[in-house]
Amino acid sequence: MVFEPPKRLVRALGETAPDGDDWLEKLPGAAQRAVALRELTVERVQVPGGRSSLVVLVRAADGTPAVLKLAPGRARPEAERAALAHWAGRGAVQLLEPFSAEGVLLLERLHPDVSVRSLPEAKALLEAAGTLRRLWVEPPAGFPFETVAERTGRQAEAMRARAQAAPEVAPLVDVALAAREELLAAPPEHRLLHGTFRQSKVLAGERTPWLAVGPDPVVGECAFDLARLVRDRVEDLIAQPSGAATTRRRVKRLAESLDVDQERLRGWTLFRAVESGVRAGRVGRPRDAELLLEFASWL
């Protein structure tokens, strides 16, 4: 089988490595070797797939359905492996092969085309939040993960550079950076976080109804993780005449349901929305940038 990367993956990797790299060129051969080594039977490449990895639906030699995932180093696949091993299937997809080649993960097969995003909005938020709560555990000793301070520090540098190149975003960037500084001064807890949690990252499973996939794990306070969920379906929020009020109610409802401080959730939601909006503008996605920055202005 020819392992052709989906267009979505090619486009997304082009944004994170605009000068190009050779991972995509080596990907077909790497996938062939990973399949042969494990004696897997390939069913199909998942399309449109993710933005940072090739996902292949396979069966093990004994017929067990599984997922083979290949990701470049900059997607931090080894951190993902460590987080999945620590969760051990609690709230997240099960890692089937604890030790493997770098950048290759063999995972439990979920229902790849059924996420909580397929549910009505209120139900989707409820199920997603319940899944997220299960992931917030103490990190392992000597954890190999970035902290929220480290990750957002890198992001803050890129935001400042963008604000200099695009002065129209500078006021929101200043507010977001000030919020970050205040939030990092006294974090209420340090937990292992999913890192990139949203409705599309929660898939239907067999062991439990819903399980999280695709973490980019980080250690920090729970409000940081929940902040990404607040803006789910942002395009629908922007289209509503009452979008700003709906957003504020969502912050309140999610904070109360997961025992997170409402103001800290609002602050991290603001920072993460501005960071994503600035990054979208930088890589040539002006419509996404406009939506995210408008959303941020409501907070």
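These notebook entries record what I looked up in the structure.

**Entry 1. Ground rules**

I noted that this is a predicted model, in which local features need pLDDT of at least 70 and side-chain atom pairs count only at pLDDT 80 or more, while totals for chains, interfaces and linings use all residues. Residues are numbered from 1 along each chain as its sequence is written, and side-chain values use heavy atoms, with hydrogens and water left out.

I took helices (H or I, at least four residues) and strands (E, at least two) as DSSP runs, numbered from the N terminus. I treated two strands as paired if DSSP finds at least two bridges between them.

**Entry 2**

I began with strand β2 (residues 54-59), which is joined to β3 by 6 bridges and runs antiparallel to β3. Val55 has Lys69 of β3 as its bridge partner. Between β2 and β3 lie 5 residues, and the two strands form a hairpin. In the turn, Gly63 has a positive phi of about 90°.

I then followed β3 (65-70) onward to β4. The two run antiparallel and are joined by 5 bridges. Lys69 is the bridge partner of Leu105 in β4, and Leu70 is that of Val104.

How many residues of β4 are buried? I found that 5 of its 5 residues are buried, where buried means under 20% relative accessible area, exposed over 50% and partly exposed in between (1.4 Å probe, protein chains only). In β3, 5 of its 6 residues are buried.

**Entry 2. Helix α3**

I listed the buried residues of helix α3 (residues 77-87): Pro77, Ala79, Glu80, Arg81, Ala83, Leu84 and Trp87. An α-helix has 3.6 residues a turn, so residues three or four places apart point the same way. The buried residues of α3 pack against β3, β4 (104-108), α4 and β7 (191-193); contact here means heavy atoms within 4.5 Å. After α3 comes Ala88, with a positive phi near 50°.

I traced an open sheet of 3 strands in the order β5-β8-β9, with antiparallel pairing. Since β5 (111-115) and β9 (210-212) are at the edges with a single partner strand each, one side of each is left without a neighbour in the sheet. From one strand to the next the twist averages 55°; axes are lines fitted to C-alpha atoms, for helices over the stretch in contact, and angles run from 0 to 180 degrees between N-to-C directions. Strand β8 (residues 202-204) is joined to β5 by 2 bridges, and Ser115 has Leu203 of β8 as its bridge partner.

I also traced an open sheet of 3 strands in the order β6-β10-β7, with mixed pairing. Its edge strands are β6 (146-147) and β7, each pairing on one side only. β6 pairs with strand β10 (residues 218-220) in the parallel sense over 2 bridges, and Thr147 stands opposite Val219.

**Entry 3. Helix α4 and Arg133**

I found helix α4 (residues 121-135) lying across β8 and β9, at about 55° to β9. Arg133 belongs to α4. Is Arg133 buried, partly exposed or exposed? Arg133 counts as partly exposed because its relative accessibility is 39%. Leaving aside neighbours within four places in sequence, Arg133 is in contact with Ser257, Leu258 and Asp259.

**Entry 4. Helices α1 and α2**

I looked up how helix α1 (residues 7-16) and helix α2 (residues 23-38) pack: the angle is about 140° and the axes are 11 Å apart. α1 and α2 are therefore oblique to each other, as angles under 35 degrees count as roughly parallel, over 145 as roughly antiparallel, 65 to 115 as roughly perpendicular and the rest as oblique. Leu9, Val10 and Leu13 of α1 meet Trp23, Leu24 and Leu27 of α2.

**Entry 5. Nonpolar cores**

A nonpolar core is a set of buried Ala, Val, Leu, Ile, Met, Phe, Trp, Tyr and Cys residues joined through side-chain atoms within 4.5 Å. Which members of the largest nonpolar core touch the most other members? Among its 74 residues, they are Leu226, Leu265, Val274 and Phe295. Not counting residues up to four places away in sequence, Val274 touches Met159, Leu172, Val173, Ala176, Leu293 and Ala296. Another core lies apart, with 18 residues, among them Leu9, Trp23, Ala31 and Leu54.
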